[in-house]
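I would like to know how its parts are arranged.

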Amino acid sequence: MIKLQRQRTPAAVPGGLRGSYRRRKYRQLLLDHLRGTALDNSYWTSSSWAPAKKQLRRETGGKCAYCESPADAVAHCDVEHFRPKDKYWWLVYCYDNYLFACQICNEVYKVNHFPVHGPQLPAPKVVAPLTDADLDAFLTAHLPDPLQESPAFHLACAGELPGLVDPYAVDPEPLFRWRADGALKEVELLPRDNTARSQQIFQAVQDHYGINREQLRRWRWTLAYKHLKRYKKILDDAGSRRRTTACREALEGILDMMNPGEPYAGMVRYFACDAWDLFRRTATGFQPVQNPGAPSRRR
Ligand SMILES: [Zn+2]
């Protein structure tokens with residue numbers, strides 16, 4: 001997993017999930033809630049959030065937001081509600097609750113699991129009659145406008161201490177480390193450290209995203225790690241003489257693999273930056289680490 005950035009422009013957020021369409025959807029939802037119409041799975045229709053798919057897909061670079069598998073090659077992806085709609089009914093049309101996730105992460109593992117270690121967001125109270133002012137007050141109090149940053153909403157969400165990771169809300173990279181197994185030819189995710197929080201989050205993503213399922217461990221090796229390892233070998237063999245074309249191409253190759261749209265970029269970044277110290281994270285991207293053994297440049 002890597003950090004994702006939500007685009008909040010009218011061109012990015014589908015018309016049906018903002019402005020008057022969003023208002024209309026919520027009016028109907030609240031009226032049905034007041035009537036006591038069952039808000040179970042048969043109530044929801046995916047056509048309501050399907051228009052978000054194209055933009056969410058663009059924001060993840062065509063990968064599952066959880067497992068970073070490429071949607072076209074290994075996993076069919078769809079719009080996923082981070083907070084499940086049966087537990088958070090009022091977030092069903094909330095754009096900030098959507099991400100692009102594969103069917104295996106979403107439908108086999110996550111389903112409607114959503115462990116929290118703090119107080120759960122309270123379900124809003126809806127009272128009749130539902131005037132326009134009531135609807136506006138509801139939307140202002142409980143839902144973020146998809147066209148604006150809404151720090152209060154995200155602070156309230158963070159207060160739940162969710163066990164699972166929303167890559168739009170938190171940077172997942174510092175939470176985990178990775179271990180490659182050369183005999184099995186696979187790469188697994190591990191907690192970053194021994195703190196209770198790190199262990200807790202690791203356990204949740206393992207249980208509810210299936211982040212260490214066998215196929216995924218192997219894909220990581222096949223699609224990314226083995227290529228990364230070849231680049232590293234070129235650099236290791238060169239020692240302090242890294243000014244060759246082969247070394248430059250190896251560094252460029254690794255840089256490409258760390259791009260947000262590349263499969264398993266989070267894992268690649270861990271090995272390249274944290275485990276092997278080949279690159280440094282900077283405010284603007286990644287910089288190759290100067291080889292300490294390289295001869296100094298003399299005029
Ligand atoms: Zn996935």
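The model is predicted.

We begin with the metal. The zinc ion is held by the SG atoms of four residues, Cys64, Cys67, Cys102 and Cys105, at 2.3 to 2.4 Å. The angles among these four donor atoms run from 102 to 114 degrees, and the site is tetrahedral. For comparison, the ideal angle for four tetrahedral donors is 109.5 degrees. Along the sequence, the donor residues follow the spacing C-x2-C-x34-C-x2-C. Cys64 sits in the loop between helix H2 (53-59) and strand E1 (77-81), while Cys105 belongs to helix H3 (residues 103-110), so this pair ties together parts that are 41 residues apart in sequence. Both Cys64 and Cys105 are buried.

Next come two helices. Two packed helices are described by the angle between their axes and the distance between the axes. The axes of helix H1 (residues 19-35) and helix H4 (residues 132-142) come within 11 Å and cross at roughly 105 degrees. That angle makes H1 roughly perpendicular to H4. On the H1 side, Arg22, Arg23, Tyr26, Arg27 and Leu30 take part, and they meet Asp132, Leu135, Asp136, Phe138 and Leu139 of H4. The residues of this contact comprise five nonpolar, five charged and no polar ones.

Is Asn259 buried or partly exposed? Its relative accessible area is 37%, so Asn259 counts as partly exposed. Beyond its neighbours within four places in sequence, Asn259 is in contact with Ala265 and Arg269. Gly61 is 198 residues away from Asn259 along the chain, yet their C-alpha atoms are separated by 9.3 Å.

Definitions and conventions:
Residues numbered from 1 in each chain as written. Predicted model: local features only at pLDDT ≥ 70, side-chain atom pairs only at ≥ 80, totals over all residues. Heavy atoms only, no water. Donors = N, O, S within 2.8 Å, 3.2 Å for Na, K, Ca; no water. Tetrahedral: all angles 85-135°; square planar, octahedral: opposite > 155°, others 65-115°. Helix = DSSP H or I, 4+ residues; strand = E, 2+ residues; numbered from the N terminus. Buried < 20%, exposed > 50% of the residue type's maximum accessible area, 1.4 Å probe, protein only. Contact = heavy atoms within 4.5 Å. Axes fitted to C-alpha atoms, helices over the stretch in contact; angles between N-to-C directions. Parallel < 35°, antiparallel > 145°, perpendicular 65-115°, else oblique. Nonpolar A, V, L, I, M, F, W, Y, C, P; charged D, E, K, R; others polar.
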